[in-house]
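Colleague: I would like to learn how to read a few features of a model. Please take them one at a time.

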Amino acid sequence: MEESKEPQWNQEEGSLRLFLRGRALNFYGPSDLTDYNISKQADAPSETLQLEWVYGYRGRDCRSNLYYLPTGEIIYFTAAVVVLHNVEEQTQRHYLGHTDDIKCLAIHPDKIKIATGQVAGHELRETKPQAKKKSAAPDESLPHVRVWDSVSLNTLHVIGLGVFNRSVCCLSFSKLDVGQQLVIVDEANEHIMTVWDISKEKPHKIAETKSSGDPVLAVEYHPLEKNQIVCCGKGQISFWTLEGGSLAKKQGIFDKYEKPKYILCLAFADNGDVLSGDSNGNIFVWGRGSQRIINAKLAAHDGGVFSLCVLKDGNLISGGGKDRKIIQWDNTYNKTGPETELPEAYGPVRTLSQGKGGLILVGTTKNCILHGSLDLEFSLIVQGHTDELWGLASHPSQHQFLTCGSDKQLFLWDTQSRSVVWNKEMNDAIHSCCFHPRGGIVAVGTSVARWLVLDLATREIISVHTDGNEQIECIQYSPDGSMIAVGSRDNYIYVYSVSEDGKKYSKIGRCSGHSSFVTHVDWSEDNQYLTSNSGDYEILFWTASSCKMLTNTQVIKDIKWATQNCVLAFNTVGIWPEGVDGTDINGCCKSHNERFLVSCDDFGKVNLFSYPAIQPRSACHSYKGHSSHVTSVSFLFDDSRLISTGGKDTAVLQWQVV
């Protein structure tokens, strides 16, 4: 890696030279900037951000992560946040102790303590050398388990730092001794199973063994057999006994039954029998204290059985992965009551658990959470994206915002009711979006060079255009709505004039000059100029009406920009920490009152600066919650809230400015 070169201020030109990855970039300050001192420290704002609401749930690839708590809340996770969601009161609390993706969750027998396990953090997964220095406590980015109190949200124990490999895939509290032990399986090649005594202030490991060379999907302490642990996964179900610090294993014997490729889930009948659901759609009953099948419900579901849950009344419910069905069985494993099939839009059943009263909670593989009963309708509690998320835009005059992603979904959200107003599935993956200044029209850019204009009220497509043959990276209306700039991965910006309140479009031309893909674009307040950034850190300026490049620095210096989407600009030099790569910061935006600048980065952080951030390495407040790269940030029209979107974590976080 090249040596970092210090920023340099040229008083004569009024320009700041900054080095990014060894490349020198020049930024021109406004001509009325007289007393600029490059070494002055810029303070972080006195205001802070507070996580207010999390839109999303991780059901697509995580199991057993949805429960009802005595506090009246349901608990689940997405990204690096555990959400405690009170459906009746429409409130959320958040546990924010983790530094990266949470993969599993277990509830203590006291129903107050919670254990959650995470993957290896960014500091470990990043190959960039500077990332290693980023975290003040790098050990917390190792895969580990946190045990915490769901009432106070205080962390009680941090377990396994330096012990686990890659990530923690499943865990369970012991039942018969009121949760004095915790069993944890990690995702290393051998899927090491460890048992911890957590009854003392400092937890300690009491047993360790290799569990399986294949994926392990679930582990559970037996509720009625002391020191018995059951785990299952690819091609196996294993019955473990903990004795004097060692774990003895007995493999489940399938006898005359076909061995399934995967055993997907476990539950325990009231009499202590073990129930398993598998990829062949079968439910097997394993006799208490034995490793043999004593009863079989074959072809219970078409496709895999993704979840089993024994209800308080002794009945069993099973959830299907392919058939999307929820079926109820009595204690002799005969079907009782109606079958329920979830609508296709919500996806297959991922996890089932007992909710409040007689209600059932359902998490789906399309990241939805529903609640209801088998003889009544299921209603939607949580809905969200299921694939990488990049597009975000705030409504110009209402407490609403748009998100769009690779899952082809376009969502309109309301920040006051904290719910989805509507969602629409498009034909292609969507990467970018924006509102017309009048608010009734939206434009969205797809991954296949098409961009479309929709009527917000009817959701009908009113205009379709194709420019180039690559992804539309960014799209932005001019402040007065008379033009639109469309930045493409093909290195060009296409400019159109807009008439009839956003319904009619005619091409003005294309801005040609970038040598890499266009990443961000901003309009000037007077609608005359554009500025743009590209993948190779270029900063270019344009006269919008002619699509000609603007090179006169005396003019460029004093243009007032309506927005601050460009991460490379004089007003944003302070958001670049020392040694970062130019690709590490994915987006930024300024508040409408021009007091704040927020950036989002590849390390899962949302960063709040004072605006403008013209001092190199300005101080900021950094917030965690996302686990993947944060792709986009946007203030609501009144600056009361900030919205951030995660890439791979598919989560949308709503922050209050406090």
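This is a predicted model: local features need pLDDT of at least 70, side-chain atom pairs count only at pLDDT 80 or more; totals for chains, interfaces and linings use all residues.

Modeller: Residues are numbered from 1 along each chain as its sequence is written, and side-chain values use heavy atoms, with hydrogens and water left out.

Colleague: In which strand does histidine 431 lie?

Modeller: Strands (E, at least two residues) are DSSP runs, numbered from the N terminus. Histidine 431 belongs to strand S37, which covers residues 430-435.

Colleague: Is histidine 431 buried or exposed?

Modeller: Buried means under 20% relative accessible area, exposed over 50%, and partly exposed in between, with a 1.4 Å probe and protein chains only. Histidine 431 has a relative accessible area of 12%, so it is buried.

Colleague: What does histidine 431 touch?

Modeller: A contact means heavy atoms within 4.5 Å. Leaving out residues up to four places away in sequence, the residues touched by histidine 431 include Trp390, Cys404 and Glu473.

Colleague: With which side chain does histidine 431 make a polar contact?

Modeller: A polar contact is a pair of N or O atoms within 3.5 Å; within protein, one must be able to donate a hydrogen and the other to accept it, and residues adjacent in sequence count only if both atoms are side-chain atoms. The partner of the histidine 431 side chain is the side chain of glutamate 473, at 3.4 Å. Another such pair joins the side chains of arginine 641 and glutamate 52, at 2.5 Å. Arginine 641 lies in strand S54, residues 641-646.

Colleague: How many disulfides are there?

Modeller: A disulfide is a pair of cysteine sulfur atoms within 2.5 Å. By this rule the count is zero. For cysteine 511, which is in no disulfide, the nearest cysteine sulfur is that of cysteine 547, 3.9 Å away. Cysteine 511 is buried, at 1% relative accessible area.

Colleague: Which residues does UniProt list for "repeat: WD"?

Modeller: UniProt positions are given in the numbering used here, feature names are shortened, and annotations may be inferred rather than shown by experiment. The unreviewed UniProt entry lists several ranges, among them 298-330 and 382-423. Residues 298-330 are 0% helix and 48% strand, with end C-alpha atoms 15 Å apart. Helices are also DSSP runs (H or I, at least four residues). Residues 382-423 are 0% helix and 57% strand, and their end C-alpha atoms are 13 Å apart.
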